[in-house]
Amino acid sequence: MAYAIEMLNITKDFPGIRANDNVTIQVEANTVHALLGENGAGKSTIMSILFGLYQPTSGIIKVNGKEVHISNPNIANSLGIGMVHQHFKLVDCFTVTENIILGMEPKTKYGTVDIKKAAEKISKLSEKYGLNVDPYAKIENISVGMQQRVEILKMLYRNSDILIFDEPTAVLTPQEIHELMLIMRNLVKEGKTILLITHKLKEIKEVADHCTVLRKGKCIGTIDVKDTTERQMAEMMVGREVNFSVHKEKAQPKEVVLSIKNLNCNNFKGLRAVKDFSLDVRAGEIVGLAGIDGNGQTELVYAITGLAKSESGSIFLNGQDITNLPVKGRLDAGMAHVPEDRHKHGLVLDFPLKENFIIHCYKDRPFSVNHILQPQKIDEYADFLIKEFDVRSGQGKESKTRDMSGGNQQKAIIARELDRHAKLVIVVQPTRGLDVGAIEYIHSRIVAQRDAGAAVLLVSLELDEILNLSDKIAVIYDGQLSGYVNAEDTDENEIGLMMSGSIKKVGDCHE
Ligand SMILES: Nc1ncnc2c1ncn2[C@@H]1O[C@H](COP(=O)(O)OP(=O)(O)OP(=O)(O)O)[C@@H](O)[C@H]1O
Ligand SMILES: [Mg+2]
């Protein structure tokens with residue numbers, strides 16, 4: 001058997017935690033090899049070791065049968081190993097080409113950077129692999145899906161043969177996911193080998209040949225994907241049976257909590273993104289907002305939560321006009337928000353976990369008394385949330401949030417926001433990057449908020465999540481409300497048609 005990569009008996013210790021415990025992964029050349037495991041199982045860590053970002057505490061790595069020491073990413077690059085990280089590493093104000101050639105700029109005979117030559121090479125690669133990327137576009141102006149394809153081009157430009165993808169589909173739309181799967185098969189056909197971290201079992205079934213399962217740092221086994229069902233993989237990963245559908249009673253909607261009236265908002269380019277949008281969300285119900293990415297959901301949520309100003313129209317929370325209140329004013333009025341971008345709006349990454357938990361309320365009792373912080377109360381509360389929401393990290397409440405795994409960062413935000421028991425809970429992509437076990441738990445907590453009387457607005461790109469969790473479904477298309485239906489009276493097809501603007505079905509979303 002020709003192995004492109006062998007990671008043998010890898011162990012990696014971080015302060016307070018053994019992230020990888022004697023893990024062995026053998027990857028056949030020219031295959032897609034998936035890595036599956038709960039949040040914090042050690043997937044990103046072991047791939048970062050392969051990419052030279054961390055050194056293993058012990059263990060051996062072989063590339064094409066030869067033992068190697070990958071002490072930094074430059075060595076990984078020279079061995080033909082490339083990586084697309086869980087959180088992209090692109091310079092926003094640079095163009096696609098400038099990002100791709102960063103650190104290895106081709107020079108003209110006058111010693112200046114030869115952008116034209118690089119851009120031509122990038123165009124050719126883009127065409128060969130069907131990536132459809134404009135080499136002169138600026139990163140800040142292109143979609144997340146396109147940014148990811150830039151990361152892929154970066155690897156191809158450097159002639160990498162072994163491509164590591166860390167949760168590449170967590171930020172993509174269903175259409176983009178489908179395209180990425182095709183690109184991956186194409187890459188394998190052209191002789192590349194792919195290592196793929198994902199929580200989505202469907203994707204593993206669709207694209208991977210083998211799958212190694214990790215649990216709490218240990219290797220549970222490697223399976224042949226075609227002989228294993230999704231259910232079996234899920235069980236292997238969490239060590240128990242997983243419920244894929246959400247159990248909930250019929251909703252008992254009460255008074256209107258959030259009322260959006262004729263709202264108009266612009267996007268950052270100054271173009272109209274939300275158009276005359278009206279919607280009510282009542283206490284005791286979950287309204288799911290479905291839509292293809294980029295149809296105004298981000299701008300709508302920014303306007304409701306105060307992250308951006310609206311142009312006209314109004315927003316009421318429990319009868320109070322909050323249209324022009326600052327973010328803090330809205331939080332105090334009873335709003336909780338799990339933001340779309342956890343790094344930008346969810347956490348202060350250099351603060352320890354316990355400080356992120358009290359970030360909205362550190363001035364209030366019991367965390368402050370007479371303007372003096374109460375460390376014991378803060379610690380107790382952090383321990384409580386960590387236990388309640390199963391937030392895993394090396395040093396518990398003292399962990400720097402930046403060092404936590406992506407899924408556990410997300411769980412930390414959800415814990416903080418849901419525990420505020422707000423009247424209005426806005427959750428945007430709440431389960432992005434979570435493992436199937438954690439998704440099951442978070443969904444049940446969102447339903448519990450509803451049952452306790454909160455009004456829940458769920459914004460998600462995952463149609464399964466919308467259909468599973470919502471009592472009513474609103475659809476946004478081109479900034480306008482194109483659908484408003486009872487979840488039980490609709491199906492995936494109808495929602496899909498409303499999402500693409502093919503049909504419009506707006507019942508009485510207002511009294
Ligand atoms: N730089 C670091 N310093 C300290 N601890 C770390 C560091 N990087 C990772 N860890 C810890 O190692 C463990 C494994 O983390 P890792 O990021 O590999 O998980 P993961 O399987 O990728 O999870 P997820 O699915 O949530 O992304 C976690 O408990 C994490 O807190
Ligand atoms: Mg990870």
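## Salt bridges

In this predicted model, Lys328 and Asp332 join their side chains in a salt bridge with an N to O distance of 3.1 Å; the term denotes a side-chain nitrogen of Lys or Arg within 4 Å of a carboxyl oxygen of Asp or Glu. Both residues belong to helix 10 (residues 327–332), where they stand four residues apart, about one turn of the helix. Helices are DSSP runs of H or I with at least four residues, and strands are runs of E with at least two, each numbered from the N terminus. Lys328 is partly exposed at 44% relative accessibility, while Asp332 is exposed at 56%. Here buried means under 20% relative accessible area, exposed over 50%, and partly exposed in between, with a 1.4 Å probe and protein chains only.

The structure holds 28 salt bridges. One of them connects Lys202 and Asp464 at 3.5 Å, N to O. This pair links distant parts of the chain, with Lys202 in helix 7 (residues 201–207) and Asp464 in helix 16 (residues 463–469), 262 residues apart. Lys202 is exposed at 54% relative accessible area, and Asp464 is partly exposed at 41%. Asp379 and Lys354 form a further salt bridge at 3.2 Å, N to O. Asp379 lies in helix 13 (residues 375–389) and Lys354 in helix 12 (residues 353–357), so the pair ties together parts 25 residues apart in sequence. Asp379 is partly exposed at 22%, whereas Lys354 is buried at 16%.

## Aromatic pairs

There are four aromatic pairs, defined by ring centres of Phe, Tyr or Trp (its six-membered ring) within 6.5 Å; planes under 30 degrees apart count as stacked, over 60 as edge-to-face and the rest as tilted. The rings of Phe367 and Tyr381 have centres 5.2 Å apart and planes at 50°, so this pair is tilted. Phe367 is in the loop between helix 12 and strand 17 (368–369) and Tyr381 is in helix 13, so the pair ties together parts 14 residues apart in sequence. Phe367 is buried at 7% relative accessibility, as is Tyr381 at 17%.

Phe389 and Tyr441 form an edge-to-face pair, 6.0 Å centre to centre with 80° between the planes. Phe389 lies in helix 13 and Tyr441 in helix 15 (residues 436–451), so the pair ties together parts 52 residues apart in sequence. Phe389 is buried at 1%, and Tyr441 is partly exposed at 28%. One aromatic cluster comprises Phe367, Tyr381 and Phe384.

## Surroundings of ligand 1

Ligand 1 is surrounded by 23 residues, each with a heavy atom within 4 Å. The closest are Gly40, Lys43, Thr45, Ser405 and Gly407. Strand 2 (17–28), helix 1 (43–50) and helix 14 (406–418) each supply at least two residues of this shell.

Polar contacts are pairs of N or O atoms within 3.5 Å. An oxygen atom of ligand 1 lies 3.1 Å from a side-chain N or O atom of Asn39. Nitrogen atoms of the ligand are involved with Tyr54, through a polar side-chain atom at 3.1 Å, and with Asp403, through a polar backbone atom at 3.4 Å. The protein covers 92% of the 640 Å² of accessible area that ligand 1 has on its own, computed by the Shrake-Rupley method with a 1.4 Å probe.

## Conventions

Residues are numbered from 1 along each chain as its sequence is written, and chains are lettered from A and ligands numbered from 1 in the order in which they are written. Local features need pLDDT of at least 70 and side-chain atom pairs count only at pLDDT 80 or more, while totals for chains, interfaces and linings use all residues; side-chain values use heavy atoms, leaving out hydrogens and water.

Conventions:
Polar contact = N/O pair within 3.5 Å; in protein donor to acceptor, adjacent residues only side chain to side chain.
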